[in-house]
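Here are my notes on the chain–chain interface, as promised. Have the structure open while you read.

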Amino acid sequence: MSGRRSRNITEEEINELISKLQSLLPETRRRGAGRASATKLLKETCNYIKSLHREVDDLSDRLSNLMATMDTNSAQAEIIRSLLRS
Amino acid sequence: MKGGNPNPNPNSNPKKPLLANHFIQALTRINLAAQTSSTRQRSHCIKRAAYVSMACAAGSRRAWSRAMLQKIRLRSRVLRLPGDRRSIVSVVRREENRADVLRKLLPGGQAMEFSSLLEETASYIQYLSAQVRLMQTIVDSMFG
């Protein structure tokens, strides 16, 4: 745990930390409840954030390529249409 | 605090319109400037718009969004975005505090109290995954 707190973290706070971290992760990334440690969950949380960053990267590339292949007006129409579908 | 649910139903997510609005407007601007930019440049603009949308949707309510908006307002031309390929990846030593890794990933994370780090992480993940879903929806619809 970070040493920035001036007092020791209580057992209760650790349990809260564990359940909170677990709830942040999607199903596929969760380990068996009760067996996961706070450290492990922190690691999974970091991995999850990194994978989301990579997805934003990847989707930005794909959007850019798609815009390149469409003429301006078609892309424009699709962008607006997608808003209505979302 | 809605952060407890990692996979909220997108249709009932109240922040979605804000997110979509801003991002769609940005995409429109980027699209109209298409002739003058390369695919790679445009990709970077889109990515930047994604993070700006997230920060604007969250507003000043969150430390992570405030940190991001502050960076953007400084109009840094070399705005380092999360997940930039050129970012230096540090080797995580065994002793390195796991919470410190999280602090590096979260905008404004270095300055946070540990107690608020979790709340901020929950919020950041919520907006980040909403942004990803939004972009996926747009890509899917553009494929026809």
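**Notes on the A/B interface**

1. In this predicted model, 53 residues of chain B are in contact with 48 residues of chain A, contact being heavy atoms within 4.5 Å. Together the two chains bury about 4900 Å², with 68% of that on carbon and sulfur atoms; buried area here is the accessible area (1.4 Å probe) that two parts lose on being put together, summed over both.

2. On the charged side, the count between chain B and chain A is 1 salt bridge (a side-chain nitrogen of Lys or Arg within 4 Å of a carboxyl oxygen of Asp or Glu). A:D57 pairs with B:K47, and their closest N and O atoms sit 2.4 Å apart.

3. Which helices of chain B supply at least two residues each to the side that touches chain A? They are α1 (16-32), α2 (39-58), α4 (98-105) and α5 (114-142), where helices are DSSP runs (H or I, at least four residues), numbered from the N terminus. α5(B) gives the most, with 17 residues.

4. Bookkeeping: residues are numbered from 1 along each chain as its sequence is written, and chains are lettered from A in the order in which they are written. Local features need pLDDT of at least 70, side-chain atom pairs count only at pLDDT 80 or more, totals for chains, interfaces and linings use all residues, and side-chain values use heavy atoms, with hydrogens and water left out.
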